[in-house]
Amino acid sequence: MSRLAVLYSCDENYARIMAVSIVSLYENNKEIDDVVVYCLIHNVKDNTKHNLERISKKYNRSIFFIDSASICNNYRFWESNEDSRYVRLLADRILKEERVLYLDCDLIINGNLGELVNLDISKYAVAAVLDTCRKKARDESDMQDINKYFNSGVLLMNLKYWRDYNLYENFKEFKQAHNSKGMFRDQRVLNGTLEGKAYILKPQYNVTPELFKFSSSQIIRLCKIGSFYSQGEIKEARKKPIVVHFAGVSIYRPWFENCEHKYTKQYREYMKKDQFTHFELKRENSMGSRISMFVKYYMPASLFIMTYSLFRKD
């Protein structure tokens, strides 16, 4: 019997966005016999939990809620206001699963995840997709090979490996040694601790906006790295994305009115699947965000790279 355990983390503000992601997961993985969803929650209302349970029951799936604060109180090595950022680092302490697929809330599952169910990662701590972040974030991770820096929005976690090698202590030690603010602090801990222990997935499993906009050579230039996925791999990811990750500014996020992402229509079709997910779209009112949107979305990729190269500090 095929089985997939999935882990999300959210508060009340992101619960409906997470629900859309869960609907897409259920819709596209009906061939998997057993899909179990775990939600690490922070200040989520009872009515919200009821709606998530109702949606899961409609698809004949199971969903469980775990209060983040109560777990973090026993293991926290960060500030209490950062629980939502770091709580997934406790996955091996929270769950009894051997492996679990962690997913950010701001994505949809656009295809079948059966390949991940059967993927052998027994020698790895995680499986993930390479990231397109700037060099500063990579340097902060203190990695020897910054080309292997991964995006932590989709993580197939080998929790048996985490327990066998007591990665909790490694995470804690790294965090304490690299406690400056910086960029993507939880992702920094994961990359810095798990260098050489991450299986690199095909880009289809975490297609961020940059993968739709830039070529392989442009990403290498932008990120100041030596290697990345081939252009053929990126084209295949664009053609058949399995996970579409709406990271970044509102023009890439389909729950905003002004979104112009290629998969906006598909996202909003999932929204219509249930009254709880069919919520009112948000508006972007920040002038700074609007300028950023224009630069990132409307400016041609080659011009963006030239302009970015002139002003960036890393």
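Trainee: Across which strands does helix H3 (residues 68-75) lie, and at what angle to E3 does it run?

Mentor: H3 lies across E2 and E3 and runs at about 50° to E3. Angles run from 0 to 180 degrees between N-to-C directions of axes fitted to C-alpha atoms. This is a predicted model, in which local features need pLDDT of at least 70, side-chain atom pairs count only at pLDDT 80 or more, and totals for chains, interfaces and linings use all residues. Residues are numbered from 1 along each chain as its sequence is written, and side-chain values use heavy atoms, without hydrogens or water.

Trainee: Which strands does H1 lie across?

Mentor: H1 lies across E1, E2 and E3, running at about 165° to E1.

Trainee: What makes H1 roughly perpendicular to H14?

Mentor: Helix H1 (residues 15-27) and helix H14 (residues 264-271) pack at an angle of about 95°, with their axes 9 Å apart. The term covers 65 to 115 degrees, so H1 is roughly perpendicular to H14.

Trainee: Which residues of H1 and H14 meet?

Mentor: Ile17, Val20, Val23, Ser24 and Glu27 in H1 meet Tyr267, Tyr270 and Met271 in H14, where contact means heavy atoms within 4.5 Å. Six of the residues in this contact are nonpolar, one is polar and one is charged.

Trainee: Why are E3 and E8 said to stand at the edges of the sheet?

Mentor: The open sheet has seven strands in the order E3-E2-E1-E4-E7-E6-E8, with mixed pairing. Strand E3 (62-67) and strand E8 (198-200) each have a single partner strand, so one side of each has no neighbour in the sheet. The twist averages 30° from one strand to the next.

Trainee: How do you know that E1 and E2 pair?

Mentor: Pairing needs at least two bridges found by DSSP, and nine bridges join E1 to strand E2 (residues 34-42). The two strands run parallel, and Ser9 stands opposite Leu40 in E2.

Trainee: What lines the largest pocket?

Mentor: The largest pocket holds about 1,300 Å³ of space. Its lining has 40 residues, with Asn151, Phe184, Ala247, Gly248 and Arg253 nearest the centre. By class, 17 are nonpolar, 10 polar and 13 charged. Elements that each supply at least two lining residues include strand E1 (3-11), strand E7 (150-158) and helix H16 (301-311).

Trainee: How much space lies in the second largest pocket?

Mentor: About 170 Å³. Of its 13 lining residues, Glu79, Glu82, Lys175, Asn179 and Lys181 are closest to the centre. Helix H9 (167-177) and H10 give two or more residues to this lining, which divides into three nonpolar, four polar and six charged residues.

Notes. Helix = DSSP H or I, 4+ residues; strand = E, 2+ residues; numbered from the N terminus. Parallel < 35°, antiparallel > 145°, perpendicular 65-115°, else oblique. Nonpolar A, V, L, I, M, F, W, Y, C, P; charged D, E, K, R; others polar. 1 Å grid on protein atoms, 1.4 Å probe; cavity = no way out; pocket = protein on both sides within 12 Å on 5 of 7 lines; lining within 4 Å. Points joined across faces, edges and corners; volume = space filled by probe spheres on them.
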